[in-house]
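Q: I'm new to this one. Can you walk me through it?
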Amino acid sequence: MRRLILIRHAKSDWSNPDLRDYERPLNTRGKKAAPLMGQTIAAKGWCPDCLVSSPAKRARKTAILIAAELGIDKGDVIYQEDIYDARVGDLIDLVKTFPDLPSIALIGHNPGLSELGQWLCSSAPGWLKTCAVLVLDLDIDRWEDLHSACGTILGYTYPKQVLAEQAAE
C-alpha cells in the first residue's frame with residue numbers, strides 16, 4: 001500500500017502581467033491558505049514522508065508553507081522541473097520514480113494534477129481547486145507498480161471547506 005497526496009498550489013498573484021507564468025508568486029489569500037492546509041493535513045494524520053514539488057514560484061512557496069506546518073525542513077522538499085506544465089502521462093512517469101517511502105505529497109498544477117487524480121480513481125474531483133488536498137491510498141506495493149484505477153480516496157478538502165468547517169464549530 002502506498003499513499004499519494006495531491007496538492008494543487010495555492011492561489012497565485014496575477015497583478016503583474018509582465019511576470020512569466022513560472023515566476024508568479026502567491027497572493028495574500030494563497031499565503032494564508034497554504035499553512036491552513038498544512039495544519040489540516042497534520043490534524044487529519046495525513047502527514048507524508050516526503051514532499052515533491054514543482055519549482056514554479058507559487059508551487060515552491062506552497063510547499064515551503066505546508067512543510068513548515070508538517071515539521072518538514074524546507075531543505076528536504078524535493079523539486080522536480082518535470083512537474084511544471086506536466087500532463088498526466090508525465091506525472092505518472094514521475095510518480096513511478098518516487099523514492100521507496102510509503103507516503104508522498106506531490107505539489108503541482110492543473111490540469112495535470114487533476115487528470116492524475118482521475119486516472120488513479122475515477123471518483124476523484126475533475127478539477128482540483130487551488131490549495132486542494134486529495135489523499136489517495138494506492139493498492140500497490142511499489143511506486144513503479146502504479147496503474148490506472150489503483151486508488152481509493154481517503155480524503156479531499158480545500159481552504160474554503162476547511163474555513164467553513166472551522167466557522168461551524
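Q: Which residues form the negative surface patch?
A: First, a caution: this is a predicted model. The negative patch is made by E81, D82, D85, D90 and D93.

Q: Where does D93 lie?
A: D93 is in helix α3, which covers residues 88–95.

Q: And where is D85?
A: D85 is in the loop between β3 and α3.

Q: What is the phi of D85?
A: It is positive, about 65°, although D85 is not a glycine. Most residues other than glycine have a negative phi.

Q: Back to charge. Which residues gather in the positive patch?
A: K31, K57, R60, K61 and K74 gather there on the surface.

Q: Which helix gives the largest share of that positive patch?
A: Helix α2, residues 57–70, supplies three residues. K74 sits in the loop between α2 and β3.

Q: OK, the sheet. What is the strand order?
A: The order is β3-β2-β4-β1-β5-β6. It is an open sheet of six strands, with mixed pairing.

Q: Which strands stand at the edges?
A: β3 (78–79) and β6 (151–157) do. Each has a single partner strand, so one side of each has no neighbour in the sheet.

Q: How do strands of a sheet pair, in general?
A: They pair through backbone hydrogen bonds, either parallel or antiparallel.

Q: Then do β5 and β6 run parallel or antiparallel?
A: Antiparallel. Six bridges join β6 to β5, which spans residues 133–138.

Q: What stands opposite L134?
A: Y156, in β6.

Q: New topic. How many aromatic pairs are there?
A: The count is three. One of them is Y22 with Y84, an edge-to-face pair. Their rings are 4.9 Å apart centre to centre, with 85° between the planes.

Q: Where do Y22 and Y84 sit?
A: In distant parts of the chain, 62 residues apart. Y22 is in the loop between β1 (2–8) and α1 (28–43). Y84 is in the loop between β3 and α3.

Q: How many salt bridges?
A: Eight. Among them is one between the side chains of D100 and R2, at 2.5 Å, N to O.

Q: Which parts of the chain does that pair link?
A: Distant ones, 98 residues apart. D100 is in the loop between α3 and β4, and R2 is in strand β1.

Q: Last one. Is the peptide bond from N110 to P111 cis or trans?
A: Cis, with omega near 5°. Most peptide bonds are trans. P111 lies in the loop between β4 (103–108) and α4 (112–120).

Technical notes. Residues numbered from 1 in each chain as written. Predicted model: local features only at pLDDT ≥ 70, side-chain atom pairs only at ≥ 80, totals over all residues. Heavy atoms only, no water. Pairing = 2+ DSSP bridges. Helix = DSSP H or I, 4+ residues; strand = E, 2+ residues; numbered from the N terminus. Patch = residues over 30% accessible without salt bridge, like charges linked within 9 Å, V, L, I, M, F, W, Y side chains within 5 Å. Areas by Shrake-Rupley, 256 points an atom, 1.4 Å probe, with all protein chains shown as cover. Salt bridge = Lys/Arg side-chain N within 4 Å of Asp/Glu carboxyl O. Lys, Arg positive; Asp, Glu negative; His and termini not counted. Charge placed at Lys NZ, Arg CZ, Asp CG, Glu CD. Phe/Tyr/Trp six-rings, centres within 6.5 Å; stacked < 30°, edge-to-face > 60°.
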